[in-house]
Amino acid sequence: MALRSIKSPTLITPTAVVSSSVINKPQSIRFSLKPTATLAVHNRQPSFYGIGSYLKLKPTKFRCSASALSPQLKDTLEKLVNSEKVVLFMKGNKDFPMCGFSNTVVQILKNLNVPFEDVNILENEMLRQGLKEYSNWPTFPQLYIGGEFFGGCDITIEAFKSGELQEVVERAMCS
């Protein structure tokens, strides 16, 4: 790919030339007192060129660690999910929710007079991360009915409004 230069407006400070252009991943910045800078784009990797020495900035790379869901944790989660007909993994507990979304689901379940087990995910980081993989759901609260993942707060609200939640809970309680 050919190298092309684009002139961009700049702001002069005593120590650096700062471009007013929006750049997602700058590769290097050269400090200068020159009133203009040239933005060079090569292979979609923009960088600043000016006079003087420069500071190379490397983009942050995130490394995926090993799975948080060990076989032992998976067994524990399966036992928890199947221990009661309705299980809510939440921030806090049903008597003291520590999140508005968790509180909303608790209030819905209490409104339906549903007996449920609550699990505070804030007490154990391994449980919290493993549960995200187990359910393939990134947020909390997570509601399980009859051993199956039902959904988070938004899904629970919609199912409550439509009457579907009550039907699913009744089927689970009768089985």
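Colleague: How many helices and strands does the protein chain have?
Modeller: The protein chain has 5 helices and 13 strands. Keep in mind that the model is predicted.

Colleague: And what share of the 175 residues counts as buried?
Modeller: That comes to 33%. The accessible surface of the chain is about 11500 Å², with 54% of that belonging to carbon and sulfur atoms.

Colleague: Let's talk sheets. What's the strand order in the open sheet of 4 strands?
Modeller: The order runs β11-β8-β12-β13, and the pairing is mixed.

Colleague: Which strands stand at the edges?
Modeller: β11 (117-120) and β13 do; each has a single partner strand, so one side of each is left without a neighbour in the sheet. From one strand to the next, the twist averages 25°.

Colleague: How does β12 pair with β13?
Modeller: They're antiparallel, over 3 bridges. Within that pairing, L143 stands opposite G151, and I145 is opposite E148. The two strands make a hairpin with 2 residues between them, and G146 in the turn has a positive phi of about 60°.

Colleague: What about β8 and β12, parallel or antiparallel?
Modeller: Antiparallel again, this time over 4 bridges. One example is F89, whose bridge partner in β12 is Q142.

Colleague: Which way do the β12 side chains point?
Modeller: Q142 and Y144 go one way, L143 and I145 go the other, and all of them are buried. As a rule, side chains in a regular strand alternate between the two faces of the sheet.

Colleague: Which helices pack on the sheet?
Modeller: α3 (residues 125-135) touches β8, β11, β12 and β13, and its direction makes about 60° with that of β12. α5 packs on the sheet too, touching β8, β12 and β13, with its direction at about 45° to that of β12.

Colleague: Stay with α5. Which of its residues are buried?
Modeller: In α5 (residues 164-174), those are L165, V168, V169 and A172. They end up on the same side of the helix because they cover an arc of only 95° around the axis.

Colleague: Why would residues spaced like that point the same way?
Modeller: An α-helix has 3.6 residues a turn, so residues three or four places apart point the same way.

Colleague: What's on the face turned away from the buried side of α5?
Modeller: That face carries R171 and C174, which are exposed. The buried residues of α5, on the other hand, pack against α2 (100-111), β12 (142-145), β13 (148-151) and α4 (153-162).

Colleague: How many residues are in the largest nonpolar core?
Modeller: It has 18 residues, and among those with the most contacts inside it are L143, I145, F150 and L165. β8 (86-90), α2, β12, α4 and α5 each supply at least two residues of this core. There's also a second, separate core of 12 residues, which includes V81, V119, I121 and F140.

Colleague: I145 keeps coming up. What does I145 touch?
Modeller: Leaving out residues up to four places away in sequence, I145 touches K85, V86, F150, L165, V168, V169 and A172.

Colleague: Is S102 buried or exposed?
Modeller: Buried, with a relative accessible area of 0%. Not counting residues up to four places away in sequence, S102 touches M90, K91, P97 and P141.

Notes
Residues numbered from 1 in each chain as written. Predicted model: local features only at pLDDT ≥ 70, side-chain atom pairs only at ≥ 80, totals over all residues. Heavy atoms only, no water. Buried < 20%, exposed > 50% of the residue type's maximum accessible area, 1.4 Å probe, protein only. Arc of directions from axis to C-beta. Contact = heavy atoms within 4.5 Å. Core = buried A, V, L, I, M, F, W, Y, C linked by side-chain atoms within 4.5 Å. Areas by Shrake-Rupley, 256 points an atom, 1.4 Å probe, with all protein chains shown as cover. Pairing = 2+ DSSP bridges. Axes fitted to C-alpha atoms, helices over the stretch in contact; angles between N-to-C directions.
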